[in-house]
Amino acid sequence: MKLMNQPFNGQLGDQLIKLLDSPNYHTLNIVVAFAKSSGVLRIKNSLEKFRKRGGKVNAYVGVDLEVTSYEALTALLLCTNSLNVVHSEKGQTFHTKIYQFLGKEKGIIVVGSHNLTGGGLWTNFESSAHISLDMSNSEDIEMLRVQEDYFKSLASLKDSFMPITTSDDVDKLLQNGYIVKEVRQQVRLAKATAKNESQVRLFGNGVSAALPRVGMPTKEAAGAPSEVSTEKISELKNDESYTIWFETRKLTGGSRNILDLSMKSLVERGEPTGTSFDLGDPNFMRGGVEFFGINPTDTGDHKDITLNFEGVDYTQNTILFPTGDSANGTWRLQIKGVSSSDEKITDAFRSKGEEHYLVKKVVTFTKVEDDYYSISVYPESELENFVEASSILARNGSTKNAKRLGLL
């Protein structure tokens with residue numbers, strides 16, 4: 001048995017990826033209180049490779065405290081063999097964290113505090129026992145029997161156990177308030193956390209622990225929770241996701257799927273100093289294209305990014321600075337990606353029942369890796385909530401009538 005004290009002597013996310021890549025195991029059972037796309041998307045490729053080799057992945061996830069997200073469940077639905085939600089209406093929190101790998105000759109059980117989130121797998125202070133199993137050892141077999149009985153007990157909960165077999169099941173949880181979209185979580189948290197500039201800081205910044213991706217440097221913000229549980233604050237705030245949002249209005253392109261990204265942005269509120277948006281001018285900052293890792297002034301550059309929309313990866317979304325008759329002096333993100341099954345992201349948008357789904361919306365992008373982002377779409381009626389929650393509020397251009405953008 002080994003003991004992991006994250007992040008001092010390892011990060012569980014790295015260990016999970018290593019175990020998923022090993023030929024020694026054929027089954028992974030995941031039991032967690034919370035799941036977010038920050039954790040799921042970072043192990044998704046390993047889960048898919050594991051299953052392509054014939055491995056099976058079964059997940060049991062809680063939905064207490066509104067931490068588990070819509071995006072996490074939609075992604076898990078596509079990269080697991082079975083997905084189940086456990087929840088009690090009487091306030092009995094489902095709080096287990098177990099990762100169990102099974103093979104023909106060996107196995108391993110990880111029991112500890114790690115949720116299936118970016119913080120739980122990489123950046124939080126977490127601890128877990130890693131118990132190696134020998135399939136020929138009677139004591140180890142007995143331990144597996146006890147674990148199997150636990151899984152059976154969960155499945156026997158009937159009304160407190162819900163198999164998730166289609167996207168409609170996830171939608172039902174969303175519509176009834178058991179889960180929420182991740183950026184909406186960020187907005188709520190930002191609004192619930194009131195800045196207190198006079199607060200005396202009694203503690204330091206902890207231990208440096210990086211997520212496996214490139215992030216935007218940000219200034220630390222002080223805050224105090226207001227009517228939000230301490231555990232929920234911890235799970236959401238420590239996830240360290242960076243999100244930018246854009247007001248779309250009409251958009252351009254035949255499918256209204258081209259988003260302008262400014263070279264320079266007029267700052268309305270907030271302080272970009274100390275971030276990659278810093279332009280050395282208190283009134284302006286580098287434009288929205290900076291969020292995607294492109295120097296706004298390097299107009300000869302271009303970049304293809306992958307967008308994860310509702311659990312599906314769409315590649316070949318191109319960021320470029322157009323020239324010729326169609327040029328308008330700004331960068332553009334062409335949201336035109338295609339999935340591995342040749343489905344166009346624009347067709348996924350049309351399936352939502354609107355001819356031009358992105359028009360008059362708020363579109364958000366959350367960075368997972370330098371060329372990999374999750375995209376989410378919200379109604380224009382929520383614009384003021386995004387405005388209020390943003391740490392930096394600006395215009396997607398250098399004039400006061402340009403569309404708004406914000407950093408959460």
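**Largest cavity**

I began with the lining of the largest cavity, where β18 gives the largest share, 4 residues. Helices (H or I, at least four residues) and strands (E, at least two) are DSSP runs, numbered from the N terminus. I am working on a predicted model, in which local features need pLDDT of at least 70 and side-chain atom pairs count only at pLDDT 80 or more, while totals for chains, interfaces and linings use all residues. Residues are numbered from 1 along each chain as its sequence is written, and side-chain values use heavy atoms, with hydrogens and water left out.

The largest cavity has a volume of about 90 Å³, and its lining has 14 residues, with Y70, E71, E310, I375 and S376 nearest the centre. I noted that α2, α3 (70-79), β14 (302-309) and β18 (372-379) are the elements giving two or more residues to this lining. By class I get 6 nonpolar, 5 polar and 3 charged residues. For the classes, Ala, Val, Leu, Ile, Met, Phe, Trp, Tyr, Cys and Pro count as nonpolar, Asp, Glu, Lys and Arg as charged, and the others, Gly among them, as polar.

My search terms: on a 1 Å grid over the protein atoms alone, a cavity is a set of points where a 1.4 Å probe fits but cannot get out, and a pocket is an open set with protein on both sides within 12 Å along at least five of seven lines; lining residues have an atom within 4 Å of a point. Points are joined across faces, edges and corners, and a volume is the space filled by probe spheres set on them.

**Other spaces**

The search of the whole structure gave me 3 cavities of 30 Å³ or more. The second largest cavity holds about 60 Å³, and I found R256, F349 and H356 among its lining residues. That lining divides into 3 nonpolar, 4 polar and 4 charged residues.

Next I looked up the second largest pocket, with about 380 Å³ of space. Of its 16 lining residues, K44, N45, E48, D313 and S340 are the closest to the centre. Helix α2 gives the most to this lining, 4 residues, and the lining has 4 nonpolar, 6 polar and 6 charged residues.

**Helix pairs**

I then turned to α1 (residues 12-21) and α2 (residues 37-52), whose axes come within 9 Å and cross at roughly 15 degrees. Axes are lines fitted to C-alpha atoms, for helices over the stretch in contact, and angles run from 0 to 180 degrees between N-to-C directions. That angle makes α1 roughly parallel to α2 (under 35 degrees; over 145 is roughly antiparallel, 65 to 115 roughly perpendicular, the rest oblique). The contact (heavy atoms within 4.5 Å) is made by I17, L20 and D21 of α1 with R42, I43, S46, L47 and F50 of α2.

For α3 and α6 (residues 167-175), I get an angle of about 165 degrees with the axes 10 Å apart, which makes α3 roughly antiparallel to α6. Y70, L73, T74 and L77 of α3 meet S167, V170, D171, L173 and L174 of α6. I count 6 nonpolar, 2 polar and 1 charged residues in this contact.

**Backbone**

Last, I checked two loops. Q6 and P7 are joined by a cis peptide bond, with omega about 0 degrees, and P7 is in the loop between β1 (2-6) and α1. K158 has a positive phi of about 60 degrees without being a glycine, and K158 is in the loop between α5 (138-155) and β8 (161-164). Most residues other than glycine have a negative phi, and most peptide bonds are trans.
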